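Please read this briefing alongside the sequence and the model.

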Amino acid sequence: MKYVLTGAGLLLAAPASAWAHAFGEPVQLPMPYGLYILGSVAALVLSFLLLAVAGRYSTHLHAHRQLPFPAWPGAWVNVARASGSLIWLVALVFCVLTGLLGSNDSHRNFNMTFFWIVFMLGGAYSAMLIGDWYKHQHPWRFLLPKNWAGLFRYPRWLGHWPALLQLATLVAVELFFHSTPRKLALLLIALAVLNLGGMVLWGTRRWLQRGEPFAVLFRIFAACAPLRRMACADGHYRWRITLPFSDLRRLRLWHPAQCMFVLFLLSSTAFDGLRETQLYFNLFWQDPFGILTTAFGQHPLKIYPQVRPFFVVWEIVLLIVSPLFYLLLFMAFLALGRLITGGGQSMGLLMRHYLPSLVPIAVVYHVTHYYTVLFSQGLKIRGLVSDPFGRGWNVFGTAITGRLPWLPDMANIWSSQVILILMGHIAAVWLAHQEALKLERTTGRATLSQLPMLVLMVVFTSLGLWVLAQPLQG
C-alpha cells in the first residue's frame, strides 16, 4: 500500500500541463495530467470488474441495428464503387505527375498532402467509421480484367508478408528519409509496379487480401467501424450500426505475418510518438552514458554530420525490432494468464484468439497521434488543388485562403486523446474477455486468466498518455 500511495502522489504532483504532439505547443490543463492517467486506469479496472460480474451476458454487446436510411439499389452501389475506383486511380496518377513535373517543395506540391494525409490517414479513418470502402473502390479495378484469378496459386507461406514489408517501407521513408514530392512520385511508381505484378501473378482478389498494403491496413481499421453497408435479400443495400470494435470478434489472424502487421501498426505509432520527445532525443544526442563520445572521440552534437548516419541506422533498427518487443511482452502476459489458470492451451492458439484485442489499441494510438494532422495540414488540400504543381496558379481561387489550417483548442485535443485511448483499451479488455469465455470452462477461470491482461492494458494506457504528455524535442 505504501508504494501505491507513493506512485499516486507522484502522479498527482505531475504538472498541470501537457504538450500537443501534433502542434508542439504546451497546453495548460485544468488538473495535473497524472490525474487523467489515474482516472483512465480506474475506469479501465472498473470496466474489467463489470465484465467479470456480467459474465457471459457481456457477449450480447455485439448486437447491431439497421438504420432507417433509404435503401440503395445494387446498381447504384455498383456505379458508386466504380466511380470511386476511377477517382482514386486518377488522383494517384495525378500525384505521380505533380511529383515528377511540379515543385519539389513538400508544402507547395499537391502529392505530399494528398497521399500521406488525405489518402492514407483520411482513408484509414474513413474505414474506421463506415467500413471497408477500399475493398470495392481500390484504384486497381480498371487495370486488370474483372475477377482476374492470376497465373499461379498464391503460396500460403507468403501470407501477408508483402503487405507488411510495403507498410514498413512507407513508414521508414516518411520517418527517416525526408520524403519529397519527387521521391514520393518514384515510390508510388514502384508500389504500382509491385502490386500490379502481384495481381498478375496471383490474382486481384487474393493480392488485395494479403499483399496490397492499403487494402490490409484499411481492412483492420474497418473492423472497428460502427457503420456498415450491408447487402439485403432484396438486392438493396442498407446501413446498419453496432458498437465500435464489436466486429473485431470475427477478425481471424491466421498467418504470422498478419500478427506482425497488427503489432507493427501498434509499435510504429508508439515509436513515432516517442521519437518526437526530448527524452528520446537526449538519450542519443546528449549521450548520457558517454558511449558515443568514447566511440567517436568527441561529443556527438559537436560532430553531428558524421554521427547522423549512425542515428538513422539506430532508428531503423529500433523500428524493425519494435513489434518484436510488443510480441514478447504480449506472449509473456498470455503465458502468465495460462499459468494462473493451469490451462494447457498452446501459445499459438492463445495468440490467434487474443491478438485481435490489440487492434483497438493500435487503432486508437494511430488516431490520437495523427488525427490532428488532418486539421493542421490536411485541410491545406483546398489550396493545393488550385496550384497542384506549385507554380503560382490559382485555378479555383483558393490557393491562398485554402491553405489556412483549422486549429482546434489544444485542451480539447488532449481531452479527446484521453477519451480515445481509454475507449480503445476498454474495447481491448472486452474483446479479450469474450475470447477467454470461449477458451475457459467457467466465468471465474476466464476472469482469472485475464488478470495479467488487465495489468498489461493498464501499462499500455499509462504509457500511451505519458508519451502524449511529454515535451517535444527542439
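**A residue in helix α13**

Glu315 is buried, because its relative accessible area is 2% (buried means under 20%, with a 1.4 Å probe and protein chains only). The model is predicted: local features need pLDDT of at least 70, side-chain atom pairs count only at pLDDT 80 or more, and totals for chains, interfaces and linings use all residues. Residues are numbered from 1 along each chain as its sequence is written, and side-chain values use heavy atoms, with hydrogens and water left out.

**Around Glu315**
- Glu315 belongs to helix α13, residues 304–341 (helices are DSSP runs of H or I, at least four residues, numbered from the N terminus).
- Beyond its neighbours within four places in sequence, Glu315 is in contact with Phe176, Phe271, Arg275 and Tyr280 (contact means heavy atoms within 4.5 Å).

**Packing of α13 and α19**
- Helix α19 (residues 451–469) packs against α13 at an angle of about 150°, and their axes are 8 Å apart (axes are lines fitted to C-alpha atoms over the stretch in contact, and angles run from 0 to 180 degrees between N-to-C directions).
- The contact involves residues of α13 including Tyr326, Phe330 and Ile340, and residues of α19 including Pro452, Leu456 and Phe460.

**Helix α15**
- The 18 residues of α15 (residues 359–376) should span 26 Å at 1.5 Å a residue, and the end C-alpha atoms are 26 Å apart, which agrees (the expected span is 1.5 Å times one less than the number of residues).
- Of the 18 residues of α15, 16 are buried, so the rest of the structure largely encloses this helix.

Note on methods: Helix = DSSP H or I, 4+ residues; strand = E, 2+ residues; numbered from the N terminus. Buried < 20%, exposed > 50% of the residue type's maximum accessible area, 1.4 Å probe, protein only.
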